[in-house]
Amino acid sequence: MFDHDVLVIGAGLAGMRAALAASQAGVNVAVVTKVFPVRSHSNAAQGGINAALTDRGDKWEDHAYDTVKGSDYLGDQDAIEIMCKEAGSEIINMEHMGTIFNRDAEGKLGVRAFGGQRQARTFFVADFTGQALLYVLHEQVMKSGVRVYEEWFVLSLIVEGGECCGAVVMEMKTGEVHTIRAKAVIMATGGIGRVFEPSTNALICTGDGMALAYRAGAPLMDMEMIQYHPTTLKSNGALMSEAARGEGAYLINKDGDRFMKRYAPNMMELASRDVVSRSEQTEINEGRGVNGCVLLDCRHLGEKLIKEKLGQIRQLGIDFANADMIKEPVPVRPGMHYVMGGIRTNYDGLTSIPGLYAAGETACVSVHGGNRLGANSLLDTLVFGKRSGQHAAAGVKSKQHAAGVTDAYSEAEKKKIQAILDRPADGGELFGKVRQELGETMNKYLAVFRDQQGMETAQRKVKELRMRYEKVIVHDKGRTFNTNLIFTLELGFMFDCAETVIVGALERKESRGAHTRTDMPKRDDANWLKHVVQFRTPEGPRIEDQPVKITQWQPQVRSY
Ligand SMILES: Cc1cc2nc3c(=O)[nH]c(=O)nc-3n(C[C@H](O)[C@H](O)[C@H](O)COP(=O)(O)OP(=O)(O)OC[C@H]3O[C@@H](n4cnc5c(N)ncnc54)[C@H](O)[C@@H]3O)c2cc1C
């Protein structure tokens, strides 16, 4: 058994920012991650990170208002205010640690425009901002002496006497299962992207942390709010960053028409993502698309700008769409990208279980509500990662380890794994087909447009798939890097996420943000200005409502 004061699960931006903050507060911190830290999905973030810096006349209140409006008034305004107030110091902090942000002609930190915001306030490193931030934080975590358990996979959380006091973890290299005891645990395991197929997310984004917390008794909130990004490639779901439109790219239909003028005459291509995705899907559905896509036209931006600021996505277009954006438009369509919901927390990252925190995409603070603004997620990871780390560290200083935590916890997990390995091979199938069908079902019925019948069909299909999952077999009986087993365990987590997405979506009887029901197309503030919160029970999720926190911005008709 291992002992630490604070155990952080996840080494993306949220996890490493949390670990650094806790370590700086003087407590013993460890990080567990199923992949090498800089392979965490934050590495894929392209376009940038938002902050209202006063040296260019921007105000945090304006950033907060844009975020509230972007969320379709479902975001909690107290949390949004905190995020936007603390944004500037986090950017400066990352710069001082060594992030080399792009600069403008005067030598100041440069900004680009992003969707749903009236001011350009997105700080960036070309089109690989996440990678730049992640490497810098990784250096700082290594320097701080925090122990990092790399390629260790968390199997379950330990809750004793109602408090979270550790986790059971498998060392992937040896297959050994260990108990890690901790006085506080911070969940920073990222999103659920691969519950949908295709997705812009990496294969490792399987919602493990949400399922682990949910199984331990913490509720999930706003799970119905799934963001479809307007510009993804048809062939493999890869993202063409909003940075392209931020730099001035157009969206056109088969007639060469900039159709956004009919849907968002003021903000055009830079309306919020839910609005742009719905507009594109409407163009495609009404026959003005090109092979199920619309076109992202960057030609007028010129070769120099594209090579300097959009080089990575240009290459993605060449490799996966056979289109060089310098010379021709790239076909794109809405694709699953982000989950606004997650483990319910307060603005210090604390969940409903004492000792258990959550931060980053796995958490729902909620600052994104019904629709996240581009470049607010990296900000969320840093601000609430830091706050979780600080709060957890303060809480453990006068706390003892829970005496009841023993290796019995790891023995129980070993038995469960053995039972999976021992399933009879005859007639059983491998995890892959079940996972693919799960993703395709979610993408068919829980996408940009939804309706009751489709969501009920998805619910039935997911139930059947879960029954098949209970019988899947693992051919590899070895202990060393048994990825067949890991993928199978991940698929179990994915089912918990899929079910709560569907239940949340069926529950919300209106259209708001990314949740657009063709059978209930209007927003209904009188009945639905509230969060859908789900608790796990043996019979399925139990639902509670939670009011939205409104500080200074009353809901208004939303137009761009
Ligand atoms: C292509 C793409 C581009 C994006 N661009 C932007 C952008 O420009 N700006 C922006 O604001 N947002 C962007 N986003 C969103 C943003 O990148 C993510 O929301 C954010 O990086 C998530 O960070 P995180 O720290 O919460 O999780 P992640 O970076 O996903 O890290 C999760 C960590 O949890 C660990 N983990 C998970 N499960 C387990 C387990 N069972 N056991 C042990 N460890 C586990 C993983 O190993 C990993 O270290 C983008 C997203 C995508 C997909």
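Serine 366 sits in the loop between strand 17 (363–364) and helix 11; helices (H or I, at least four residues) and strands (E, at least two) are DSSP runs, numbered from the N terminus. The peptide bond joining valine 365 and serine 366 is cis, with omega about 5°. This is a predicted model, in which local features need pLDDT of at least 70, side-chain atom pairs count only at pLDDT 80 or more, and totals for chains, interfaces and linings use all residues. Residues are numbered from 1 along each chain as its sequence is written, and side-chain values use heavy atoms, with hydrogens and water left out.

**Backbone points to look at**

- Most residues other than glycine have a negative phi, and most peptide bonds are trans.
- Another cis peptide bond runs from glutamate 197 to proline 198, with omega near 0°.
- You will find proline 198 in the loop between strand 9 (177–187) and helix 5 (208–216).
- Glutamate 151 has a positive phi, near 60°, and belongs to the loop between strand 6 (147–150) and strand 7.

**Around the ligand**

- The ligand is surrounded by 37 residues, each with a heavy atom within 4 Å of it; Ser40, Ser42, Gly47, Glu361 and Ser377 are the closest.
- By class, this shell holds 15 nonpolar, 18 polar and four charged residues. Here Ala, Val, Leu, Ile, Met, Phe, Trp, Tyr, Cys and Pro count as nonpolar, Asp, Glu, Lys and Arg as charged, and the others, Gly among them, as polar.
- A polar side-chain atom of serine 377 is 2.7 Å from an oxygen atom of the ligand.
- For aspartate 208, a polar side-chain atom lies 2.8 Å from a nitrogen atom of the ligand.
- Valine 35 takes part through its backbone, with a polar atom 3.4 Å from a ligand oxygen atom.
- Taken alone, the ligand exposes 1,000 Å², and the protein buries 98% of that; accessible areas come from the Shrake-Rupley method with a 1.4 Å probe.
- Elements giving two or more residues to the shell include helix 1 (13–24), strand 7 (152–160) and helix 11 (377–396).

**Helix 1 against helix 11**

- Two packed helices are described by the angle between their axes and the distance between the axes.
- The axes of helix 1 and helix 11 come within 7 Å and cross at roughly 35°. Axes are lines fitted to C-alpha atoms, for helices over the stretch in contact, with angles from 0 to 180 degrees between N-to-C directions.
- The contact residues divide into eight nonpolar, four polar and two charged.

Definitions and conventions
Polar contact = N/O pair within 3.5 Å; in protein donor to acceptor, adjacent residues only side chain to side chain.
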